[in-house]
Amino acid sequence: MRLFSTRAAPPQPGPICLERNSIRLYILPTRAGLLYAVTLFVMLLTAINYSLALGHALVFLLTSLGFVAMLHTHKNLSGISLLVQESSPVFKGEIARFQLQVETDDKARPSLNFSCAGAKRELLHLNYKTATVPLSLPATRRGWLSLPRLKVETCHPLGLFNAWTSPWLAGRCLVYPKPVFLPLPKAAAIAAKSGSGKNEAGEDDFAGFRERQPSDSLRHVAWKAAARNDSDKPLLIKLFSGGALEELWLTWEETESPENDTETRLSILTGWIISAEQSGTDYGLVLPGLSYSPSRGAIHFHRCLRALALYPEHAA
């Protein structure tokens, strides 16, 4: 059990096993442990002063109990494996949720406490299997949010000693810019691709309805169908097949304004991407030094948001 670290180790991507040979484990008495030691010392002085043989035996018995408790507190932490699972992306201002996988294979581990940058969780009983401990951290800025050092500690079984360690797991979460929702730029009409099979708002054969999105023009609303529906239902948009397709270019230049800094412009583009994806329009993204062709779907959606999240802070 070493008490001091001479250098900081980098984050470890794989599972970390809390063993003395691989990571430092620390142990110190708690306030209750210090009070316990003072009480034993007073009892020892009393037994010496009055020559009480049973008093000496009781002090030595309780002292042995304290050393056994220290050993079990240390063993309760040793041998546990920790691994951070992949975290889903979030938007700036939301809560990033990390899943910490805790595993043991030799014996039950009661009363384990996990803390990380103010987030605290208690695992009351780990019984010969894997358990998942959620850790929630605020996403205060875009980009990669790395998981800070953990603190894993236990006071089991008697609360006289506190054993802890601070492993550094290489877990991270991608934080997208906070969206600002403004009206979408005007989409450009392009010729329909033969055999594409996509249903868009063209002017040929009627293909059905879909719910209206904020970016849809009121002239495409099916007013007759809206009149037959209840007032609390959303408006419907007519869909036609075989007509013109629309594609939308979301460019860095369109967000230029004297009062818009880099973060505000990224937030506007984020809101446009969300609105364009919801409207079903093909959209492309143009940033300084980066361009994505118009498309849609989950892969294109997250690829564009990832580009905004990792955009350099001081880029022009």
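This report describes the fold, aromatic contacts, salt bridges and surface of one predicted protein model.

## Basis of the model

Residues are numbered from 1 along each chain as its sequence is written. The model is predicted, with local features requiring pLDDT of at least 70 and side-chain atom pairs pLDDT 80 or more, while totals for chains, interfaces and linings use all residues; side-chain values use heavy atoms, without hydrogens or water.

## Overall organisation

The secondary structure comprises five helices and 19 strands (DSSP runs, H or I of at least four residues for helices and E of at least two for strands, numbered from the N terminus). Of the 316 residues, 37% count as buried (under 20% relative accessible area, with exposed over 50% and partly exposed in between; 1.4 Å probe, protein chains only). Among contacts with a separation of 6 or more, 68% come from residues 24 or more positions apart, a contact being heavy atoms within 4.5 Å.

## Aromatic pairs

The whole structure contains three aromatic pairs (ring centres of Phe, Tyr or the six-membered ring of Trp within 6.5 Å; planes under 30 degrees apart are stacked, over 60 edge-to-face, the rest tilted). Tyr26 and Trp164 are stacked, because their ring centres are 5.5 Å apart and their planes lie at 25°. This pair links strand 2 (residues 26-29), which holds Tyr26, to strand 11 (residues 161-165), which holds Trp164, across 138 residues.

Phe91 and Tyr176 form an edge-to-face pair, at 5.5 Å centre to centre and 65° between the planes. Phe91 belongs to strand 4 (residues 90-91) and Tyr176 to strand 12 (residues 172-176), 85 residues apart; both residues are buried.

## Salt bridges

Four salt bridges are present (a side-chain nitrogen of Lys or Arg within 4 Å of a carboxyl oxygen of Asp or Glu). Arg141 pairs with Glu313, the closest N and O atoms being 2.3 Å apart. Arg141 is exposed at 52% relative accessibility, whereas Glu313 is partly exposed at 41%.

Arg142 pairs with Glu263 at 2.9 Å between the closest N and O atoms. Arg142 lies in the loop between strand 8 and strand 9 and Glu263 in helix 4 (residues 262-279), so the bridge ties together parts 121 residues apart in sequence. Arg142 is buried at 10% relative accessibility, and Glu263 is partly exposed at 27%.

## Surface

The protein exposes about 18,600 Å², of which carbon and sulfur atoms supply 57% (accessible areas by the Shrake-Rupley method with a 1.4 Å probe; for residues, only the protein chains shown count as cover).
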